[in-house]
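This report walks through the strands, the helices and the ligand shell of one model. Please keep the sequence and the structure in view while reading.

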Amino acid sequence: MAQPNIVLHVADVHKRFGGLHALADIDLQVEEGTTHAIIGPNGAGKSTLLNVIIGKLAPTSGQVVFDGAVLTGRKPYQINQLGIARVFQTPEIFGDLSVLHNVMIPALAKRDGAFRLNMLKNLNAETTIRDEALHMLEDVGMSGHVDMLASSLSRGDKRRMELAMCLIQHPRLLLLDEPTAGMSRHDTNTTIELLQKIKQRGMTKVIIEHDMHVVFSLADKISVLAQGRIIADGSPDDVRGNPAVQEAYLGG
Ligand code: ADP
Ligand code: MG
């Protein structure tokens, strides 16, 4: 059988905040085309790990390799340009712009190499990117929301818009930090369906998630973090049946 292609390799990463060992000896390999979930109790180090991957935090030691390129030491925008897009636990959006314009901005920033404020002046002239943004919004089920102010969206719609802002970048790797946090059950299920649809297109995803229903609906592989260490790693069935995981996280 052909060797799986490892898109992302987190190699021997440690992160200390003063005396706190927030990440210890993390080794994580994400295979191309898979959805890899990172789960664990609050304070386990999940967001810290994501921030190390995207360059927001420097590891104390170790490195992150993406598609053969060492990410460690690069800035977040450089890492983004290599093909990694992320959806944050708290969405970062332009509240006083329309939904359509919010989705156009990452595509413009990608085309021009960086985000610049004066991009916002000429948005209506960007017809190609406008059409693509409309297509992405249709994809995430938000055709009816294109002209709404982003700040007026419900929490679930904001997350969907943010997903469109990622998809328009055509990333090789999509990172999601609790994409259903704060959503109703209905919005959660819609988001799961949407992420399953993306999965069918073969996009590689790393998803940090607290909600077991979401994890078991989407993940091909799960790594369990507890107190900064990976305590289990494997298929959803392996992880579900692992006594250490049940003790640390699932509550027995
Ligand atoms: P999770 O996302 O799994 O809930 P975090 O990665 O946010 O956990 O946090 C892991 C640990 O690191 C927690 O104890 C948290 O308080 C601590 N921590 C996170 N960020 C910082 C920081 N910037 N400075 C100091 N401690 C931090
Ligand atoms: Mg977190």
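Strand β3 covers residues 35-39 and is mostly covered, with five of its five residues buried. The model is a predicted one.

What lies on either side of β3? On one side, β3 pairs with strand β8 (residues 204-208) in the parallel sense, over four bridges. There A37 stands opposite I207 in β8. Strand β9 (residues 221-226) also runs parallel to β3, and four bridges join the two. I39 has V224 as its bridge partner in β9.

These strands belong to an open sheet of six, in the order β6-β7-β8-β3-β9-β10. Its pairing is mixed. The edge strands are β6 (84-87) and β10 (229-234), each of which pairs on one side only. From one strand to the next, the twist averages 15°.

Strand β7 (residues 173-177) pairs with β8 in the parallel sense, over five bridges. L176 stands opposite I207 in β8.

## The four-stranded sheet

A second open sheet holds four strands, in the order β2-β1-β4-β5. Here the pairing is antiparallel. The edge strands are β2 and β5, and each pairs on one side only. Strand β1 (residues 6-17) runs antiparallel to β4, and five bridges join them. H14 stands opposite S61 in β4. Helix α1 lies across β1, β2 and β4. The angle between α1 and β2 is about 65°.

| Strand pair | Sense | Bridges | Facing residues |
|---|---|---|---|
| β3 and β9 | parallel | four | I39 and V224 |
| β1 and β4 | antiparallel | five | H14 and S61 |

## Two residues with positive phi

Which backbone angle stands out at D25? Phi of D25 is near 55°, a positive value in a residue other than glycine. D25 sits in strand β2. D25 counts as partly exposed because 13 other C-beta atoms lie within 10 Å.

D67 also has a positive phi, of about 55°, although it is not a glycine. D67 lies in the loop between β4 (61-66) and β5 (69-70). D67 has 17 other C-beta atoms within 10 Å, so it is partly exposed.

## The ligand shell

Which residues lie around ligand 1? They are F17, L20, A22, G40, N42, G43, A44, G45, K46, S47 and T48. Two elements give two or more residues to this shell: β2 (20-31) and α1 (46-53). The largest share, three residues, comes from α1. By class, the shell divides into four nonpolar, six polar and one charged. Helix α1 is also the helix that lies across β1, β2 and β4.

L100 lies in helix α3 (residues 99-112). Is L100 buried or exposed? L100 is buried, because 22 other C-beta atoms lie within 10 Å and 20 or more are needed. Leaving out residues up to four places away in sequence, L100 touches R130, A133, L134, L137, V146 and D147. L100 and E132 are 32 residues apart in sequence. In space they are 10.0 Å apart, C-alpha to C-alpha.

Several of these partners point to helix α4 (residues 127-139). The axes of α3 and α4 come within 9 Å and cross at roughly 115°. The crossing is right-handed. From α3, the contact takes in V99, L100, V103, M104, A107 and L108. From α4, it takes in I129, R130, E132, A133, L134, M136 and L137. The residues of this contact divide into eleven nonpolar, no polar and two charged.

Notes:
Residues numbered from 1 in each chain as written. Chains lettered and ligands numbered in written order. Predicted model: local features only at pLDDT ≥ 70, side-chain atom pairs only at ≥ 80, totals over all residues. Near = placed C-beta within 6 Å. Nonpolar A, V, L, I, M, F, W, Y, C, P; charged D, E, K, R; others polar. Buried ≥ 20, exposed ≤ 12 C-beta atoms within 10 Å, placed from the backbone. Contact = placed C-beta atoms within 7 Å. Axes fitted to C-alpha atoms, helices over the stretch in contact; angles between N-to-C directions. Left-handed = near helix turned anticlockwise from the far one by under 90°. Pairing = 2+ DSSP bridges.
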